[in-house]
There are 2 protein chains.
Amino acid sequence: MRRRQEERSQATRAALVGHARRLFAERGYAAVPADEVVAAAGVTRGALYHHYGDKQGLFRAVFEEIEREVTEQVAEAIVGEDDLWQVMLRGLAAFLDACERPEVVRIGLTDAPAVLGWQTWREIEAEHGLGLIIALLERAINEGVIAPQPVPVLAQIVLGALIEAALLIAAAEDRQAARAAAERSVQTLVSGLLVDSAARGAEAPGGRPTQ
Amino acid sequence: MRRRQEERSQATRAALVGHARRLFAERGYAAVPADEVVAAAGVTRGALYHHYGDKQGLFRAVFEEIEREVTEQVAEAIVGEDDLWQVMLRGLAAFLDACERPEVVRIGLTDAPAVLGWQTWREIEAEHGLGLIIALLERAINEGVIAPQPVPVLAQIVLGALIEAALLIAAAEDRQAARAAAERSVQTLVSGLLVDSAARGAEAPGGRPTQ
DNA sequence: ACAGAAACATACATGCGGTACGTATGTCAA
DNA sequence: TTGACATACGTACCGCATGTATGTTTCTGT
């Protein structure tokens with residue numbers, strides 16, 4: 001029974017990931033020396049390279065943690081809702097809520113694709129946020145709400161729109177206004193996918209922009 | 001009249017940007033030492049830091065050159081076309097064509113936001129591709145083709161979708177198939193913005209997906 | 001022709017990432 | 001319990017890359 005050593009490792013990893021997350025979010029991956037992370041975590045470089053192989057490995061762990069959190073936040077927001085359009089509205093809002101945290105924007109949206117490479121980023125994303133969107137779209141097609149089409153492709157493109165919306169909001173001077181406008185724009189865009197957008201608009205009063 | 005010196009500088013800058021462009025495209029900004037760029041360009045670090053201040057400055061120059069090329073390519077493809085929906089279709093196709101070149105994908109779409117920071121990236125983008133999209137959408141609103149709404153926000157989100165589509169194509173095994181599917185998805189998404197999508201679909205036979 | 005500036009080249013300082021190696025502690029089997 | 005081994009680090013060092021400071025040469029205006 002190896003219990004104490006396991007806990008020790010976990011504690012070290014948690015400290016490394018936690019402080020790395022904060023520092024990467026504040027100044028970006030490239031601008032934070034590994035020395036600073038390990039110093040903040042109260043360990044040395046040895047611990048980092050033992051657990052994560054290299055600096056990029058640590059970043060990946062941080063990214064995956066953030067991905068899990070965001071996806072869970074979105075999943076919680078849509079659970080129990082039957083109406084697909086409402087699910088989409090709530091999911092969108094929850095995602096933009098999650099992206100209010102600067103760490104999510106800087107680490108998850110800005111740095112991750114460049115640091116890990118787009119391919120790797122996409123693979124990880126497919127198991128979290130992208131996977132959620134794919135599931136949603138497939139369900140929508142099955143219910144006949146949107147027209148049949150290659151789901152993974154559409155999902156990726158929609159994710160791109162979502163990410164850009166979140167980045168736009170994060171960089172805006174007036175976050176409130178930007179959030180309202182961006183959320184509305186995404187709603188407009190996605191509502192165009194519905195086979196009978198007008199009907200949906202009636203079902204969800206105020207939910208779908210009609211102006 | 002300073003003519004010879006001007007030409008000399010221009011030649012040096014062209015060599016630096018040219019080789020940097022190739023190397024950055026092949027292995028990414030972070031993985032290419034400045035030494036390698038200046039060696040390929042047949043100069044020394046002195047020339048680089050004289051003209052561009054730092055390595056990031058050189059990258060910025062490369063990025064702006066690529067942006068100009070892509071935007072010009074798209075602009076050429078849509079000039080002379082009156083029908084707005086056709087303009088969008090052609091612009092989309094031209095953009096995806098431009099993104100077939102790996103340098104555009106790696107430098108312009110993957111590295112640039114992380115290297116320059118999203119804010120700076122966005123400012124540069126606003127004077128090129130994003131600016132083009134904004135102009136298009138404003139014209140569309142003026143003509144009553146799409147509903148009035150905050151254009152810069154919508155443009156940015158659409159750009160995000162376009163970029164993700166291009167990245168998806170670039171990373172796909174079967175580029176042909178991915179290109180067809182992605183282009184179609186973006187068409188579907190954007191066509192949802194039109195106030196009377198059905199009418200547009202009739203005007204442009206085969207152009208707008210109706211399945 | 002000469003003063004100054006621009007366009008580089010060279011040398012150096014600094015800092016960061018990765019690796020090799022040492023060490024202490026935990027783990028399991030006999 | 002004890003010896004063999006694995007795990008989890010700490011330490012020291014190397015190579016490399018960036019940026020800067022300082023020369024040196026080539027132009028350019030007067």
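Predicted model: local features only at pLDDT ≥ 70, side-chain atom pairs only at ≥ 80, totals over all residues.
1. Elements that form the contact. On chain B, the side that touches chain A draws at least two residues from each of helix 6 (102-116), helix 7 (118-126), helix 9 (151-171) and helix 10 (175-191). Helix 9 of chain B gives the largest share of that side, 11 residues. By residue class, the side of chain B that touches chain A comprises 20 nonpolar, nine polar and three charged residues.

2. Extent of the interface. The contact involves 32 residues from chain B and 32 residues from chain A. Between them, chain B and chain A bury about 2900 Å², and 72% of this area lies on carbon and sulfur atoms. Within chain B, the residues that lose the most area to chain A are B:W118, B:I157 and B:L189, which together account for 23% of what that side buries.

3. Symmetry. Chain B is superposed on chain A by a rotation of 180 degrees with 0.0 Å of shift along its axis, at an RMSD of 0.1 Å. This is the relation of a two-fold axis. In chain B, the C-alpha of B:G192 is the one nearest the axis, at 1.9 Å from it. Both copies use the same surface, as 100% of the contact residues of chain B recur in chain A.

Definitions and conventions. Residues numbered from 1 in each chain as written. Chains lettered and ligands numbered in written order. Heavy atoms only, no water. Contact = heavy atoms within 4.5 Å. Buried area = accessible area lost by both parts, 1.4 Å probe. Helix = DSSP H or I, 4+ residues; strand = E, 2+ residues; numbered from the N terminus. Nonpolar A, V, L, I, M, F, W, Y, C, P; charged D, E, K, R; others polar. Least-squares fit on C-alpha atoms with pLDDT ≥ 70 in both.
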